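Please read the following briefing beside the model, since it moves from pockets to the ligand and then to the backbone.

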Amino acid sequence: MLTVKDFPKMKADGKIITSLTAYDYSSAQLTELAGVDFILVGDSLGMVVLGYESTIQVTMEDMLHHIKAVKRGTKDTFIVADMPYKSFHISTERTKENAFRLIIEGGANAVKLEGGTSSRLDAIRAIVDCEIPVVAHLGLTPQSVNKFGGYKVQGKAELEYQKLIQQSKDVEEAGAFMLVLEGIPEQLGKEISETLTIPTIGIGAGRYTDGQILVYHDLLGLTALEPKFLKKYTMLNDEIVKAVAQYVSEVREKKFPQEKHVYFPIK
Ligand code: KIV
């Protein structure tokens with residue numbers, strides 16, 4: 001299994017880091033089989049698995065339920081667990097307690113948290129101080145959807161661009177060992193990746209980050225969304241609807257089950 005020490009080394013060696021989200025036993029098994037470098041149990045599970053409106057509604061209990069399933073589905077893949085909204089905002093004690101739970105109860109190897117303001121830096125420092133590796137997350141951080149007024153690309157204006165460069169340096173300085181960059185211009189993704197020692201993992205951050213991540217359901221064509229950054233590698237939605245519809249019509253037409261599907265058929 002890769003460890004927290006391997007990801008910065010991969011960057012130093014010029015090896016691209018691959019990652020995908022997974023949320024349950026079977027998606028974790030398949031993702032591991034396909035050979036990703038690490039799995040993120042993202043709070044995107046709120047939208048793609050639980051049908052919430054946004055990631056804001058995701059709770060610690062939701063996260064733990066899914067992290068445990070992912071853990072059971074993997075043998076030797078590094079697992080990063082998202083810290084859900086409000087789990088690192090209230091106090092340092094609660095932040096540490098929640099990070100501990102994701103590691104101890106969930107079985108994750110690291111936690112990820114969104115943001116780069118001074119209170120987020122305190123949270124990173126506090127968690128790192130508990131011997132828990134932290135992945136930072138900057139740019140279009142979905143938990144800030146209400147503040148941003150929608151899912152809008154961040155860092156386009158000069159001030160915002162410079163602020164994100166500064167925050168990326170700050171999260172590295174605070175002790176994060178990896179940084180997810182989401183929904184930012186390619187030039188900014190490149191500049192941050194060249195500036196930092198820790199690896200950057202991009203989603204909608206262009207071609208020059210040190211690795212890439214996608215949401216499992218998006219990559220497989222299980223979601224309707226079509227953001228510009230996304231490549232759907234297959235369209236499982238269509239395949240699933242086709243297969244289920246065929247099953248429904250075969251049952252109705254008494255074409256399924258056939259004799260070969262029956263235990264001890266009546267002769
Ligand atoms: O929750 C998630 O899936 C994420 C990725 C999009 C990086 O944070």
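The second largest pocket is lined by 18 residues, and Gly-204, Gln-212, Ile-213, Leu-214 and Phe-229 are the ones nearest its centre. A pocket here is an open set of points on a 1 Å grid over the protein atoms alone, with protein on both sides within 12 Å along at least five of seven lines, where a 1.4 Å probe fits, and lining residues have an atom within 4 Å of a point. The model is predicted, and local features need pLDDT of at least 70 while side-chain atom pairs count only at pLDDT 80 or more, although totals for chains, interfaces and linings use all residues. Residues are numbered from 1 along each chain as its sequence is written, and side-chain values use heavy atoms, with hydrogens and water left out.

**Second largest pocket**

- Its volume is about 460 Å³, where a volume is the space filled by probe spheres set on grid points joined across faces, edges and corners.
- Strand 1 (17-21), strand 7 (200-203) and strand 8 each contribute at least two lining residues; strands are DSSP runs of E with at least two residues, helices are runs of H or I with at least four, and both are numbered from the N terminus.
- The lining comprises 8 nonpolar, 6 polar and 4 charged residues, with Ala, Val, Leu, Ile, Met, Phe, Trp, Tyr, Cys and Pro counted as nonpolar, Asp, Glu, Lys and Arg as charged, and the others, Gly among them, as polar.

**Largest pocket**

- The largest pocket holds about 710 Å³ of space, and of its 31 lining residues Pro-142, Glu-182, Ile-203, Asp-218 and Phe-229 lie nearest the centre.
- Two or more lining residues come from each of helix 3 (45-48), strand 4 (110-114), strand 6 (178-182) and strand 8 (211-214).
- By class, this lining has 17 nonpolar, 8 polar and 6 charged residues.

**Ligand site**

- Polar side-chain atoms lie 2.5 Å from a ligand oxygen atom in Ser-44, 2.9 Å in Lys-112 and 3.1 Å in Asp-82.
- Taken alone the ligand exposes 260 Å², of which the protein buries 96%, with accessible areas from the Shrake-Rupley method and a 1.4 Å probe.

**Backbone details**

- Phe-256 and Pro-257 are joined by a cis peptide bond with omega about 0°, and Pro-257 falls in the segment after helix 11 (236-252).
- Lys-86, in the loop between strand 3 (78-82) and helix 5 (92-104), is a residue other than glycine with a positive phi near 80°.
- Glu-131, likewise not a glycine, has a positive phi of about 65° and is found in the loop between helix 6 (118-128) and strand 5 (134-139).

How values were computed:
Polar contact = N/O pair within 3.5 Å; in protein donor to acceptor, adjacent residues only side chain to side chain.
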